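Please read the points below with the structure open beside you.

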Amino acid sequence: MNKTEQQIVKPIEHKQTDTDFANAEQAMPKPLVIAGTSDGLLFIDSKQYVELEGYSITALALSQDGLWAIADRNSIWHRDPKGKWHQVAAINDLRLNCILPIEDAVLVGTSQAHLLRITNDGSTNRINCFEAAEGRSQWYTPWGGPPDVRSMAVGQSGELYVNVHVGGILRSDDQGQSWQPTIDFHADVHEVRTIPARRDLVLAATAEGLAISQDRGNSWSFDRTNLHANYSRAVAVCGETILMTVSMGPSGNKAAIYRRLLDEPGTFEKCEPGLPEWLKDNINTGTLATFRNIAAFGTCDGQIFLSNDAGLTWKQIAASLPEILCLNLM
């Protein structure tokens, strides 16, 4: 079996929390936690094991036909429903940042703000019309380098949202044939989210707080009420609750997670029970995930926290892991 088609499974050992893992499982039933780390893909349910050991897993996405992952920022992998991994494509001239399953393919966002469409057989095509999007010449990064595609989402009607850092959020209503800017790109968007049950609602974690659109990105408002700082890297919706990560800025000082009801602006409250007063660094884009009323996030220092009640209370379920680079629930 060669390296591009394999199932790599290895038990992992790490320091347990103060409560035995089996007891925690009984007290806190949860879906499968999947964490991409700097050394493989960690699965946590009634046991813990690692797949794709030796690879840095930087992005994850679920689809009806399995699990997709970006490894070492240069290759796309697919795990079929039987648990078998297959390397679909490798890209050498761009850094791969995020992945979104679409019909018969995946959309991949890259460095230098490009979009690739990669089919299951590995055929790779650049979406050329994205190169001509309005406002592209103004995209930038705070440190002076070229902008990146940072996150993506798909709406209930099939519209695509692509977050460029720093370039705002672009929307396509025609399967990527044309793109329109939506939000002021100076808001410095770090993650865009759509909500399956809310056709027109779009959320974004930005350097200016939570950005909210009720009309598919045509107009936006911001909610910063009760936050100790505005800088946000990740946002997700857990049932009827918005969860958002906040810190003092790119350095991650005084990082925390907040919650507010979906339809009640101005009600942010800091999540505290079961969490440290402050986390050491930003809870990054792609490391906060939800499933029904359950939420989980991973940290750069190798901790994973889980909540069964939409962020009201939390419990550490893993520690002393490699750096958590992405996380999902299934």
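1. Asp301 and Lys280 form a salt bridge, with 3.9 Å between the closest N and O atoms. In this predicted model, Asp301 lies in the loop between strand 27 (294-298) and strand 28 (304-307), and Lys280 in the loop between strand 25 (269-270) and strand 26 (288-291), so the pair ties together parts that are 21 residues apart in sequence. The distance should be read against the cut-off for a salt bridge, which is within 4 Å.

2. Are these two residues buried or exposed? Asp301 has a relative accessible area of 28% and is therefore partly exposed. Lys280, at 71%, is exposed, because the exposed class begins over 50%.

3. Another pair is Arg79 and Glu51, a salt bridge in which the closest N and O atoms are 2.9 Å apart. Arg79 belongs to strand 8 (residues 75-79) and Glu51 to strand 5 (residues 48-51), so this bridge ties together parts that are 28 residues apart in sequence. Both Arg79 and Glu51 are buried.

4. Glu159 and Arg216 also meet through their side chains in a salt bridge, at 3.5 Å from N to O. Glu159 sits in the loop between strand 14 (148-154) and strand 15 (160-165), while Arg216 sits in the loop between strand 20 (209-213) and strand 21 (221-223), so the pair ties together parts that are 57 residues apart in sequence.

5. How accessible are Glu159 and Arg216? Glu159 is buried, its relative accessible area being 2%. Arg216 reaches 22% and counts as partly exposed, because buried requires a value under 20%.

6. Glu159 and Arg216 also belong to a network, which Arg171 and Asp173 complete; the four residues are joined by salt bridges that share partners. Over the whole structure, a search finds 13 salt bridges. As background, side chains of opposite charge can pair when their charged atoms come close.

7. The next topic is the second largest pocket, which holds about 390 Å³ of space. Its lining is made up of 16 residues, and those nearest the centre are Ile102, Arg117, Leu160, Gln175 and Gly176. Strand 10 (96-102) supplies at least two residues of this lining, and so does strand 13 (124-126).

8. What kinds of residue line the second largest pocket? Seven are nonpolar, six are polar and three are charged.

Methods. Residues are numbered from 1 along each chain as its sequence is written. This is a predicted model: local features need pLDDT of at least 70, side-chain atom pairs count only at pLDDT 80 or more; totals for chains, interfaces and linings use all residues. Side-chain values use heavy atoms; hydrogens and water are left out. Helices (H or I, at least four residues) and strands (E, at least two) are DSSP runs, numbered from the N terminus. Buried means under 20% relative accessible area, exposed over 50%, partly exposed in between (1.4 Å probe, protein chains only). On a 1 Å grid over the protein atoms alone, a cavity is a set of points where a 1.4 Å probe fits but cannot get out, and a pocket is an open set with protein on both sides within 12 Å along at least five of seven lines; lining residues have an atom within 4 Å of a point. Grid points are joined across faces, edges and corners, and a volume is the space filled by probe spheres set on the points. Ala, Val, Leu, Ile, Met, Phe, Trp, Tyr, Cys and Pro count as nonpolar, Asp, Glu, Lys and Arg as charged, and the others, Gly among them, as polar.
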